[in-house]
Amino acid sequence: MNAQESAAAWTERFGDVAAVEETFGGLAVTVPATAWIPALTFARDEQGCGFFDWLTGVDELEDGFAVVAHVYSLETGLHLLVRTRVPREDPRLPTATGVYRGANWHERETTEMFGVVFDGHPNPVPLLLPDGFEGHPLRKDFVLASRVAKPWPGAKEPGESGHGAPSRRRVRPPGVPEDWGSGA
């Protein structure tokens, strides 16, 4: 099955619900969150994409979070991106672990990094971040507070060694609130 045949099959199965576009070397199919599991099942069962490569999130600010899965057909060489979007206020999707077992690790990572919840996940325990870590570090609104709390120990520019010319006014990194750290 080539990309054109695959695109036609998606359109026939999902109609206007799925937006299909050809990408470099494959297809990208965007579906609403309600069609997430049916789309992944269709990719596996009807498109022959039995190889699950990865799943991740993308912070799209006001538009919410895009969740993207890359699957592949070993028989035909079809690369397929299945995408959906969830709202920022309540980022939830059903788990894809019933369709692709490999989604387990990737969903746990996406939950930690972006805060997207995968309902029905069989083992939603933390994966990468230390115990007690607060926040989701790959969200664009996440503030790296450690940059403010701990100033750089050495000279920043020529003449800032502690004697000599006075240093420039220190500026907070973008997005850091005024009341965090010692600051400017």
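A: Let's start with the lining of the second largest pocket: six of its residues are nonpolar, two are polar and three are charged. Here Ala, Val, Leu, Ile, Met, Phe, Trp, Tyr, Cys and Pro count as nonpolar, Asp, Glu, Lys and Arg as charged, and the others, Gly among them, as polar. Keep in mind that this is a predicted model, where local features need pLDDT of at least 70 and side-chain atom pairs count only at pLDDT 80 or more, while totals for chains, interfaces and linings use all residues. Residues are numbered from 1 along each chain as its sequence is written, and side-chain values use heavy atoms, with hydrogens and water left out.

A pocket is an open set of points on a 1 Å grid over the protein atoms alone, where a 1.4 Å probe fits and protein lies on both sides within 12 Å along at least five of seven lines; lining residues have an atom within 4 Å of a point. This one has a volume of about 150 Å³, meaning the space filled by probe spheres set on the points, which are joined across faces, edges and corners. Among its lining residues are Glu107, Arg108, Phe118, His121 and Pro124.

Helix H3 (103-114) and strand E7 (117-119) each supply at least two lining residues, and H3 gives the largest share, four. Helices (H or I, at least four residues) and strands (E, at least two) are DSSP runs, numbered from the N terminus.

Buried means under 20% relative accessible area, exposed over 50%, and partly exposed in between (1.4 Å probe, protein chains only). Of its 35 residues, Trp10, Trp36, Leu40, Ala43, Leu80 and Tyr100 touch the most other members. Leaving aside neighbours within four places in sequence, Ala43 is in contact (heavy atoms within 4.5 Å) with residues including Leu80, Val82 and Tyr100.

Technical notes: A nonpolar core is a set of buried Ala, Val, Leu, Ile, Met, Phe, Trp, Tyr and Cys residues joined through side-chain atoms within 4.5 Å.
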